[in-house]
Amino acid sequence: MRSQGRIRRTALAALSAGVLLAVAGCGGGGDRTAKGTTGTAEVKDVLLQPLASPGPGPFTASTARAAASPSPTGAPDAEPTSATRTVHPVSGAVPGLYGGTRSVAACDVEQQASLLADDEDKARAFADAAGIEAVQIPGYLKSLTPVVLRADAQVTNHGYSAGSATGFQAVLQAGTAVLVDSRGMPRVRCACGNPLAPPVVADGKVAHRGERWPGYDPARIVAVEPGVKAATSLIIVNADDNTWIERAMGDSGGRDRTPDDPPPFEPDADLLFPSPGRPSESAPPDTAPTGPAPSEPEEPTDPGPPEPSDDFGDTPPEEPWEYEEEGDPDVAPEPTQVFPAEPDEPAGPDGPLEPEAPAEPDEPMEAGLDDVFAG
C-alpha cells in the first residue's frame with residue numbers, strides 16, 4: 001500500500017508536467033493563440049502574419065476586396081529564432097502610411113458586419129476587444145476606413161477561442177487590408193475579421209514565429225500611433241499609378257479625390273528613413289538657433305575699440321597701439337587729446353595768442369611724432 005507521502009509526490013510531479021505542457025502549447029506557433037489566456041499579449045513572442053493568411057482563431061472569413069494571392073513564404077519556423085528588432089513609431093496621420101486603389105475599398109464593410117451579426121458569441125467577443133457594445137458593431141465598422149498597410153506593422157491582434165478574444169502580438173505584412181479609425185489606427189484586419197489594438201513593443205530579443213515573407217526586415221517595422229486629433233480624411237497612395245488620393249473617413253472610396261494640398265514629398269518616399277512626418281519638425285530647430293546665435297554675440301564685442309576715437313574713425317586707434325609698442329605710452333595720448341579740442345577754438349576772435357594756437361598743433365604734430373619715434 002502506498003504511503004501518503006509517495007502519493008503526494010506523484011501528484012506534484014504530474015501537476016508540474018501538466019504546467020510545462022501547457023506552457024509549451026501556448027508558445028508553439030499557430031495554436032498558441034487559440035489556447036492562450038483571454039486578454040493577454042505575449043510581448044516577447046511575436047507572430048508573423050502574411051497578408052492573406054487568416055492566422056489562428058479568425059473571427060470571420062476574409063472580407064478583403066482585393067483578393068491578393070499570398071506571397072511566397074518560407075516554411076514555418078521549426079525553431080523560433082531571435083533577433084534584435086527596431087520598431088519605429090509612426091503617426092497614423094502621416095500621408096503615405098496607407099495605400100489603396102482609387103474608388104475601390106480594400107474591405108467589404110457590409111459583409112464584415114453581416115458575418116459578425118450571424119454569430120452572437122463572436123459578436124460579443126469582438127465588441128469586448130473593441131471596447132464597444134455588440135449592438136454598436138455595424139455603426140462602428142461603418143465609421144472605419146478601408147485601406148492597406150504600406151509597411152510591415154506590429155499590432156495587438158485578437159483571435160477567437162471558446163467565446164473570448166485572445167490577444168497576441170503580431171506583425172502584419174505590408175499590403176494587408178485593414179480598417180482604420182479617425183486617428184489612423186488599425187482596428188480590424190479584413191483577412192480574418194479580428195479586432196486590432198495598439199502594439200505592446202518589447203525591447204531586446206524577441207522570438208519570431210510563423211512564416212516569413214520576402215523582404216521582411218526586423219529593423220523596419222512600424223508601430224502606428226494615434227494622430228494628434230481626429231481627421232476627416234486620409235492621404236493615401238494609389239497603388240495603380242503611385243499618386244496621392246484623399247479618402248474621406250468612413251468612406252469606401254466613392255468620394256476619393258486628388259488632394260488640393262498634396263504632401264511636400266513623393267508618394268514613394270520612405271516611411272522610416274526618414275519619416276515623412278518629421279522633416280518639417282526637425283527643420284525649424286536647425287535654422288532658428290544657428291542664424292541669430294553667432295551674429296548677436298559678435299556685434300557687442302566690436303563697439304569696444306572705437307570708443308577712444310570719436311572723429312577720426314579707424315586710424316587713431318591703430319596709431320596709439322604702435323606708439324605703445326615702439327615709444328613711451330605717456331606721450332601718445334597727448335596729441336590725441338589736442339586734436340579734437342583745437343579745431344573748434346580757432347573761430348574765436350580773442351587775442352593774438354589764440355590764433356597762433358591752432359597753427360602750433362599742425363606744425364608740432366609732425367614734430368611731436370618725430371620726437372616720439374626718435375626717442
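Reply:
**The core and the salt bridges**

In this predicted model, the largest nonpolar core has 22 residues, and those that touch the most other members are Tyr-98, Val-147, Val-178, Val-222 and Leu-234. A nonpolar core here is a set of buried Ala, Val, Leu, Ile, Met, Phe, Trp, Tyr and Cys residues joined through side-chain atoms within 4.5 Å, where buried means under 20% relative accessible area, exposed over 50%, and partly exposed in between (1.4 Å probe, protein chains only). At least two residues of this core come from each of β5 (145-149), β6 (153-161), β8 (177-180), β12 (221-225) and β13 (233-238); strands (E, at least two residues) and helices (H or I, at least four) are DSSP runs, numbered from the N terminus. Another core, of 21 residues, lies apart from it and includes Ala-106, Ile-132, Tyr-140 and Leu-179.

Leaving out residues up to four places away in sequence, Val-147 touches Tyr-98, Gly-99, Ala-106, Thr-176, Ala-177, Val-178, Val-180, Leu-234, Ile-236 and Arg-247, a contact being heavy atoms within 4.5 Å.

Residues are numbered from 1 along each chain as its sequence is written. Local features need pLDDT of at least 70 and side-chain atom pairs count only at pLDDT 80 or more, while totals for chains, interfaces and linings use all residues, and side-chain values use heavy atoms, with hydrogens and water left out.

Turning to charged pairs, the structure holds ten salt bridges, each a side-chain nitrogen of Lys or Arg within 4 Å of a carboxyl oxygen of Asp or Glu. One of them joins the side chains of Glu-110 and Lys-142 at 3.8 Å, N to O; because Glu-110 lies in helix α3 (residues 109-117) and Lys-142 in helix α5 (residues 137-142), this pair ties together parts that are 32 residues apart in sequence. Lys-142 is partly exposed, at 45% relative accessibility.

Within helix α4 (residues 120-130), Arg-124 and Asp-121 are three residues apart, so about one helical turn separates them, and they form a salt bridge whose closest N and O atoms are 3.2 Å apart. Arg-124 is partly exposed at 44% relative accessibility, and Asp-121 is also partly exposed, at 40%.

A further salt bridge brings together the side chains of Arg-257 and Glu-246 (3.1 Å, N to O), linking distant parts of the chain, with Glu-246 in strand β14 and Arg-257, eleven residues apart from it, in the loop between β14 (244-248) and α6 (279-290). Arg-257 counts as partly exposed at 35% relative accessibility, whereas Glu-246 counts as buried at 16%. Through salt bridges that share partners, Glu-246, Arg-257 and Asp-260 are joined into one network.
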